[in-house]
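Here are some notes to read alongside the model, written for someone meeting it for the first time. Please keep the structure open as you go through the points.

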Amino acid sequence: MLTTDLALFVRVAEAGSISAAAAELDMTPASASAAIKRLEKQLGSALFIRTTRSLRLSQAGERYLGHCREALSALELGRMALSSERGTVEGTLRISVSSDFGRNIFLPWLDELMEQHPGLEVQLELGDKVSSLFRSNIDVALRYGMPQDSEAVAFSIGHLYRQLAASPLYLAREGTPTTPDELAAHQCLLYKRADKTHDLWHFFSGDEEHRVRVSGRRSCNDAEIARRWAVAGQGLVYKSRLDLATDLLDGRLVPLLTEYGTEPLELYLLCPGRAQVTPAVLALRDMLRAKVAERLAQLDKAMLDKAMLDKAMTGSAASDEGWG
């Protein structure tokens with residue numbers, strides 16, 4: 001019994017189509033159909049019920065699918081164990097990353113990692129939905145906040161904070177808020193995470209906490225859209241400094257209320273269990289720690305330079321007024 005036939009069976013079951021699964025696995029539909037028939041002959045059972053318009057699992061196929069997945073997973077774990085003993089970064093790594101971070105920050109970092117390790121293959125899943133690591137077909141996930149799965153292995157990647165920001169266009173049109181209480185008069189861009197709308201924004205001044213319930217005409221279930229709306233001048237956004245770093249550095253967004261502290265965020269790389277902590281995962285962890293620290297250092301320096309420039313310009317203006 002060929003493992004390639006087993007993997008094809010799983011993909012056909014998930015896709016509901018032999019041709020779609022064949023395209024994903026770079027096979028012809030004819031060869032894929034022959035492989036499924038070969039597997040059915042070896043098992044002595046029909047795995048699918050076929051009609052001219054549809055393909056669905058038979059009862060035998062439904063029972064066999066779980067066993068097949070477990071067998072393939074066990075074989076992959078065995079391969080990763082051998083790879084771990086050799087200390088080589090290779091094999092397939094299934095990674096889940098949030099949409100905004102994945103598209104706009106993570107992709108070039110991932111390219112660098114793969115260039116350094118030619119034996120590494122990646123399956124990347126983007127999305128903001130938070131699901132159990134044990135119910136997801138992934139090896140590692142990059143998420144803000146501690147995992148819900150108590151058995152998950154969590155590597156801290158960076159200690160971050162949220163940042164309030166808006167585009168120069170919005171500020172020129174609507175004015176710049178100077179205190180958290182003024183946010184009630186502004187359009188705030190909201191997004192959902194884990195089916196909860198993030199509309200309670202926290203700011204800190206010394207020991208005093210300001211909790212502001214904000215609102216706006218725009219909300220979405222994709223944090224990237226909230227950032228894009230902010231860049232387009234549609235309102236204020238309150239997100240991780242890391243997610244906003246590129247727009248802040250390039251001047252598309254302006255940091256606001258910088259004299260106030262904001263909510264802390266911890267970025268974690270999560271594995272379902274220790275069996276998934278392979279050399280590839282450790283290489284990814286080390287790369288992420290270095291890249292995140294570098295990006296935040298760039299942002300801190302840029303904001304410090306801007307603050308010093310603003311202070312110098314304010315002092316110069318005051319001197320001019322005194323001279324006049």
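In which loop does L257 lie? The answer comes in point 2, after a few words on how to read the model.

1. **Ground rules.** This is a predicted model, in which local features need pLDDT of at least 70 and side-chain atom pairs count only at pLDDT 80 or more, while totals for chains, interfaces and linings use all residues. Residues are numbered from 1 along each chain as its sequence is written, and side-chain values use heavy atoms, with hydrogens and water left out.

2. **The loop with L257.** L257 lies in the loop between β13 (254–256) and β14. Strands here are DSSP runs of E with at least two residues, helices are runs of H or I with at least four, and both are numbered from the N terminus. The phi angle of L257 is near 50°, a positive value in a residue other than glycine. With a relative accessible area of 6%, L257 is buried; buried means under 20% relative accessible area, exposed over 50%, and partly exposed in between, using a 1.4 Å probe and protein chains only.

3. **The overall picture.** The protein chain holds 9 helices and 15 strands. Of its 324 residues, 43% count as buried. Taking contacts with a separation of 6 or more, 73% are between residues 24 or more positions apart, where contact means heavy atoms within 4.5 Å.

4. **The sheet that includes β14.** Strands count as paired if DSSP finds at least two bridges between them. For β9 (residues 200–205) and β14, the antiparallel pairing runs over 2 bridges, and F203 stands opposite T262 in β14.

5. Strand β7 (residues 190–193) pairs with β11 in the parallel sense over 2 bridges, and L190 has S219 as its bridge partner in β11.

6. **Strand β15 and its partners.** Have a look at β15 (residues 264–271), which is mostly covered: 6 of its 8 residues are buried. Strand β5 (residues 140–144) pairs with β15 in the antiparallel sense over 4 bridges, with L142 opposite L269. Strand β6 (residues 153–166) also runs antiparallel to β15, joined to it by 8 bridges. In that pairing F155 has L269 as its bridge partner.

7. **Two packed helices.** Two packed helices are described by the angle between their axes and the distance between the axes. Helix α5 (residues 99–116) and helix α7 (residues 223–231) pack at about 65°, with axes 7 Å apart. Axes are lines fitted to C-alpha atoms over the stretch in contact, and angles run from 0 to 180 degrees between N-to-C directions. S99, D100, R103 and N104 of α5 meet A223, E224 and R227 of α7.

8. **Aromatic rings.** Rings of Phe, Tyr and Trp (its six-membered ring) pair if their centres lie within 6.5 Å; planes under 30 degrees apart count as stacked, over 60 as edge-to-face and the rest as tilted. By this rule there are 6 aromatic pairs. The rings of F101 and W109 have centres 5.9 Å apart and planes at 75°, so this pair is edge-to-face. Both F101 and W109 are buried. Elsewhere, ring pairs link F9, F48 and Y64 into a cluster.

9. **Cysteines.** How many disulfides does the structure hold? The count is 0, a disulfide being a pair of cysteine sulfur atoms within 2.5 Å. C188 counts as buried at 1% relative accessibility, and C271 is buried at 0%.

10. **An exposed leucine.** L169 lies in helix α6 (residues 168–174) and counts as exposed, at 51% relative accessibility. Leaving aside neighbours within four places in sequence, L169 is in contact with A232 and G233.
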